[in-house]
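Work through the exercises below with the sequence and the model open. Each task is followed by a solution in steps.

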Amino acid sequence: MRIFRSFFRRKRIAAQMQEEMEFHVQARMDDLVASGMDPREAARTARLEFGSVPAYREESRAAIGYRLWDELRSDLRFAARGLRQSPGFAAAAIAILTLAIGANGAFFTLYSNYVLRPLPVRGVDRHYAIEGYGQNARANARFTLSEIDAFEQGATAELEGVYSAGTIQVLVVAPTQRQSLVTTVSGSYFRLLGGNPALGRTLTGADQREPVAVLSDSGHRRYFPSINPVGQRIQVRGTLFTVVGVMPPGFTGIEPVVPDFWVSNGMRNALRGDALDGEPRYALFAMLRPGIAPARAEAAISAIATRFARPDAERIARLYLKPQRTYLLDEAELTAVAYIVFAAFWMVLLIACANLANLYLSRAASRTHEIAMRLSLGASRVRIIRQLLTESVFTASLGAAFGCMLATLAVNYAYRYAVSTSGVGGLVMLPLVFDWRILLYSAALGGAAGILFGLLPAVEITSPSLTQSTKREQSAFAGRLRPRRLRDLLIAGQVAASLVLLIVGGLLIRNLQRLNGVDPGYDLQRVFDLRADQPGAALLANIEHLPGVTSVSSVARVPLYGGLPTQPALVDNRSILLAANVVDQAYFATLALPVEGRNFTIAETRNAAKVAVISRKTAALLWPAGGSPIGRTLSLGEPAVAYQVIGVVPDVISGWFWQGKDRSAVYLPGAAGYNESVRSAIVRIDSANPNEVTAAIRRLCTDATGCEPAPLHEISALQRFPFRVAAAVAGVLGGLALLLTAVGLYAVANFSVLQRRREIGVHLALGATPLQVTRRILGEAWRCVGIGFALGLPFCLLLSQLASRLVVEIRTFDPGAYLAVPILLAVTATIACAGPARRAARLDPMHSLREE
Amino acid sequence: MPASILPGTLDLLILKAVSLGPQHGYGILLRIQQTSGGHLLIEQGALYPALYRLEVQGLIDADWGVSENNRRAKFYKLTAAGTKRLKKELAHWNQFAEGMTLALGATTV
C-alpha cells in the first residue's frame, strides 16, 4: 500500500514541479511583453533565461531525494539488459539460485506450516498447553479425570475450560478392516475449539462412557463414501461405535495428522488394551477466558494442582501454561534442532553465493575495462557498485521466484513420499499450505543472496588498484589479478561448507545404519505382532497349532510401541520408577530369551500370582551390591503389592530403539482372558515362507474380530522414520553442496586457464611438458580443496559435539564418514578440473602467444 | 553588467527574500533583483532545485495560492527554523564580507 501511495505522490509532485516552472516562464513572458517586447520574442527570451526545464526538474528531484528511485529504475533496465546479453551466464546463475533457494524454501514450508502457522481453531491466542513439574523438575503433566474436573470447577473465572486429546492408531474391523488414527477427547474438546458438525452432533461430556464417534471429513470419505454415516457403526476390537456426527473439512483438531474419527476419553480402553491397571491420565490443554493474563491463570491452576491427592513422587509443585498457537510447541529443544537444520540449509545457500560471487568475479574481470572507463568519465564508485548490486539482486530475485516454485513442487512430493513410506497405515496428513510467509522468506533470502554474492565482486572490480589505467593490459605476467586469490578463497570456503554438510550427512547415514544394526535382543523378522482385537485364549491356542508357528504369547504391551509404562516401586526402602509389562508364560520363549531361575507357570499367569521376572539391568539397578536377585521381593504399584522375583532374563529393547535396551523391565504374570490388561499377542513364526503362515493366521482370525499380523521389523521401521528423514535431508543437502562445489571448481579452473593462456603458452614454449601444466592446474584446485579441509574439519568436530548433546544415541565420530567425505571431495575436484587442465595442456603455444 | 552570485549564496538570498513576505518562485527572483539593485545575476532555473532543497530541509514552507494575475502558483514562506537559520547565516555572511573587505582593501602590512 505504501509503495502505491508513494508512487502516486511521486506522479503528483512531478506534475506540480512542471506546473511551477511553467508558471515562472509564463510570468516572465508576461513581464517582457508588458515591457514592450514582441510576444514571440518574449516567449523565446523567457525560455532562454530560465534554462533547461527538464534539467532543473531532474536537479529538483534529486534535491528532494527522488534520485535513488530514478537511478534504481535505470539500474534495473541495465541489469535486465546485462542478463539478456549473456543468457547462458544468467541461466546458470538463476539455476544455481533456484536450487539453493528452493531447498531453503522447501524446508521453510515445513517449518512455517508446523511452527509458524496458527492452528485452525477458534480463539487460538487463548489456547495453552498445561505443563507441570514435580520434585526435581521432573515433568509431570498428566491428569486423572477427577483432577480434570477439579480444574474445570475450580478456575471458572480464569478458564473457559480445559480439554484433553490424544491420537492413537487402532485396527478398525468394520465396515472395512484397516489401520486408522483415532483421537480420544474429553467432552469439552469440540466446544472449546469451536468445532461445529457438518452433520449430526459433536461429542459432549455426557458421552464419556458411550460408544459413539464423530467422523472427520476424511474419515467420512474413507468409511462411508456414499451414504450419510450418522447412525452407522464402526467396529474397533469388540466395541461397536455409533456415528453421531461428521465434522467439516476445516476442522482437523490440533494435530497435523487428521484422525478418521473422534471418540470420548472414557472409551480409550475399548480402542487399545495396552493400559496397565490404574487410572488413566491425560495431557491437558486450556482455553483461557478473553483478557485473562496467563500468569493469573497459572497461579489459579497451580493452586488447584498442589491440592491433588497424589503419592509423594508424583506430587505437582507448579504448573505452567505454554502458549500453543501452532502445531508444534515452541520448545527449546525444537528450536535448537530447527536452528541446526536452518544452518545446514543456509550453508547450501552460502555455497551457492560463493559460487556466484566467483562467476561474477570471473565475468567482472572481463568488464574491468568498461568499468574503468565509466569511472574515469566521472561515475562515482558507489554508484557503480550500486548498479552491479542491482544486477545481482535482480538475478537473485528471479532465482528466488523460481526457487519458490521449486519448493512447492518438491516439498509436496517429498512430503507425500515420506508419509507413504513412514510405515504408519492410513495416515492422513494435513496438506501443506503455501502462504505469504514462504514468499516473504524466499524474497528475503533472494535479496540477501543477491547482496552477498554481488557485493564482493562489485567492490573488488571497482577498486582503484585495478582500474587506474583504462588501458590495462591483459598480458600474461601483469595479469596477477587480486580477484584470483579472492576466487581461490571463495572456492576454499565452498569446499569447507560442503565438507561440513557431507560429513554431517555421512554421520546421520552411518547412525541410521547403526540404528538398523542395533540388536533388540530378539529376532525382528520372526516375532510378529498379531494386531488382533483382544484375542481370546482359544484363538491363540489355534494359532499355536498352525505349522510354522513356534510359539504364541499374550501380552499387555507389544514391544516397540514406545516406552513401557512405569510404576513406582519400593525396594529395600528405596523408591524408584520401574517399567513394567504383563506377559504370559510363553513370552520369553516367543522372544527366544533364556530365563535364569524359573519361568511363570500357567497357573501363575491365570491367577496373577505375586511373582515377577526381571531383566538383568533391573536386577543391577535394584540390588547394586550384586548377588542373585532370585527369591528377593520388590513392591510395585499404588497401592504397593509385593512381588517375589523368580527369574532373570536378558535385556531387550521394548521401547524406543534410540534409547537402547530397557533401563528397567519388570515382567508380571497375566494371561489373555484372565487379566483385563492383557489384550495383545505376539507370535513367533519360524518358517521359510512366513507369508503363508500369516495368511493362515488371518483366516483363523476371521471367525473372531480380525487381525493383521506384522513382523516387529515393520514396527521398528516406524521408529527409525525420523532418522531416515534426517539422513535423507542431509543426503540431499550434501549432494547439492557437492554439485555446486564441483560447478564452482570447474568454473574457476576454466576461467583461470582462459585468462592465463599466454602464461601457459610461455611455459609450454619454454619446454614445460603437458603433464607439468596439467599437474599445475590440478595442483591449484587441490590447494583450494586443502584449504577448505583445513577450514571445515574443526567446524565439523565442533558441530558434531553440539549434535551429540541433542540426540544421546548418536555417535559423533565415525572414521568412515571422516575419511570417505574428503576423498569424495578430492575426487570430485579432480574430475571437475580435469577438463580445463587438459585444455591447458593441449594449448598450442604459438597460437596462444600470438593472440591479442 | 550584473555579477554572477558566489556559489552557495543562493540559499541565503532566497531565505532573505522569503523572509520579507510569502512569494512564489518568480516573485522571489524579481525581489532579489530588485533589492540587489539589479547587481546580481541569478540563473532563473537554478532557483527551483534550491527552493526544493530548502523545503525538504524544513526552512521554508510551500502552499498553492493565486498569483497577482490570477494564476495558480506555489507560494513560499519562511518557517521558524528558516528564521533561525537566516539569522545565523546573516551573521556569518557579515563577518565574511567584513573580513573580505578588510583583507582586499589593505594597502600596507
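Accessible areas come from the Shrake-Rupley method with a 1.4 Å probe. The model is predicted.

**Exercise 1.** State the accessible surface of chain B and the share that belongs to carbon and sulfur atoms.

Solution. Step 1: the accessible surface of chain B comes to about 6500 Å². Step 2: carbon and sulfur atoms hold 59% of that surface. Step 3: for burial, the cut-off is under 20% relative accessible area. Chain B has 109 residues, and 37% of them count as buried.

**Exercise 2.** List the elements of chain B from the N terminus on.

Solution. Step 1: count the elements; chain B has four helices and five strands.

**Exercise 3.** Give the strand order of the open three-stranded sheet in chain B, and find the bridge partner of B:Gln23.

Solution. Step 1: the order is S2-S5-S4, with antiparallel pairing. Step 2: strand S2 (23-24) and strand S4 (60-66) of chain B are the edge strands, as each pairs on one side only. Step 3: S2(B) is joined by two bridges to strand S5 (residues 72-78) of chain B. Step 4: B:Gln23 has B:Tyr76 in S5(B) as its bridge partner.

**Exercise 4.** Which residues of helix H23 of chain A are buried?

Solution. Step 1: locate H23 at residues 757-765 of chain A. Step 2: its buried residues are A:Glu759, A:Ile760, A:Gly761 and A:Leu764. Step 3: look just after H23(A), where A:Gly767 takes a positive phi of about 110°.

Terms used:
Residues numbered from 1 in each chain as written. Chains lettered and ligands numbered in written order. Predicted model: local features only at pLDDT ≥ 70, side-chain atom pairs only at ≥ 80, totals over all residues. Heavy atoms only, no water. Buried < 20%, exposed > 50% of the residue type's maximum accessible area, 1.4 Å probe, protein only. Pairing = 2+ DSSP bridges.
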